[in-house]
Each structure stands twice: as structure tokens, then as C-alpha cells.
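Me: I am new to this structure and would like a friendly tour. Could you walk me through it by question and answer?

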Amino acid sequence: MTRDEFKQLQVGDRLTHPAFIQFLTIVQIETSFDTSTRPPRPWTHSIVTDDGRYLKIDDARDVA
């Protein structure tokens, strides 16, 4: 998944993780804001999945 694809994730989206076979469902997102745009545009910085995993955008293991 690219950084741009990760930034567009929303609650309820389903995805697969390279280390696991099953699908994961996003239950919570944490956002950051792109201050180079007016008004500042929100984007997904990190996610929490239904099994409790916390994945963030800068984690090189999860976002190639």
C-alpha cells in the first residue's frame, strides 16, 4: 500500500496485512492535517483494527 492510499483509509474499510491471513477492519483512525492547503485538508495518519492492532503511516513494515 502506498502512502497516498494509506492517507485515504476510512473507518469501516477492510484490508489485509502482510503478516496475517485474515481481513482486518478499521475501527478507528487518527488524522493529521495538510497545512499546505487552504483550508487544511485532513488525512489518515494511523489506524486501529478490529483485533486491536495499531498501524501508522510511517511504519516501514506496514506501508511499503
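Here is the tour, one question at a time.

Me: What kind of model is this, and what is the mean pLDDT of the protein?
Reply: This is a predicted model, in which local features need pLDDT of at least 70, side-chain atom pairs count only at pLDDT 80 or more, and totals for chains, interfaces and linings use all residues. Residues are numbered from 1 along each chain as its sequence is written, and side-chain values use heavy atoms, with hydrogens and water left out. pLDDT is the predictor's confidence in each residue, from 0 to 100. In this protein 88% of the residues reach 70 or more, and the mean is 83.

Me: In what order do the elements of the protein run from the N terminus?
Reply: Helices (H or I, at least four residues) and strands (E, at least two) are DSSP runs, numbered from the N terminus. The protein has one helix and four strands. From the N terminus on, the order is α-β-β-β-β.

Me: Where is confidence highest in the protein?
Reply: Helix H1 has the lowest confidence, with a mean of 84. The highest value, 90, belongs to strand E2 (residues 23-34).

Me: How many residues make up the largest nonpolar core, and which elements give two or more residues to it?
Reply: A nonpolar core is a set of buried Ala, Val, Leu, Ile, Met, Phe, Trp, Tyr and Cys residues joined through side-chain atoms within 4.5 Å; buried means under 20% relative accessible area, exposed over 50%, and partly exposed in between (1.4 Å probe, protein chains only). The largest one has nine residues: Phe6, Leu9, Leu15, Leu24, Ile26, Trp43, Ile47, Leu55 and Ile57. The elements that give two or more residues to this core are E2 and E3.

Me: Is Leu9 buried or exposed, and which residues does Leu9 touch?
Reply: Leu9 is found in the loop between helix H1 (3-7) and strand E1 (14-16). Its relative accessible area is 9%, so Leu9 is buried. Contact means heavy atoms within 4.5 Å. Leaving aside neighbours within four places in sequence, Leu9 touches Met1, Leu15, Ile26, Ile29, Thr44 and Ile47.

Me: How far apart in space are Leu9 and Ile29?
Reply: Along the sequence, Leu9 and Ile29 are 20 residues apart. From C-alpha to C-alpha, the distance between Leu9 and Ile29 is 8.2 Å.

Me: What is the relative accessible area of Thr49, and which residues is Thr49 in contact with?
Reply: Thr49 lies in strand E3 (residues 41-49). Thr49 counts as buried because its relative accessible area is 1%.

Me: The charged end of Lys7 sits over which ring?
Reply: Lys7 belongs to helix H1, and its relative accessible area of 27% makes Lys7 partly exposed. A charge sits over a ring if NZ of Lys or CZ of Arg is within 6 Å of the ring centre and within 35 degrees of the ring normal. Here the charged end of Lys7 is 4.7 Å from the centre of the ring, which belongs to Trp43.

Me: How many salt bridges does the structure hold, and which residues form them?
Reply: A salt bridge is a side-chain nitrogen of Lys or Arg within 4 Å of a carboxyl oxygen of Asp or Glu. The structure holds two salt bridges. In one, the side chains of Asp34 and Arg41 meet at 3.4 Å, N to O; in the other, with the closest N and O atoms 1.9 Å apart, the partners are Asp51 and Arg53.

Me: Which residues does a cis peptide bond join?
Reply: Most residues other than glycine have a negative phi, and most peptide bonds are trans. Pro39 is in the loop between E2 and E3. With omega at about -10 degrees, a cis peptide bond joins Arg38 and Pro39.

Me: Which residues does Tyr54 touch?
Reply: Tyr54 lies in strand E4 (residues 54-56). At 43% relative accessibility, Tyr54 is partly exposed. Apart from residues up to four places away in sequence, Tyr54 touches Glu30, Ser46, Ile47 and Val48.
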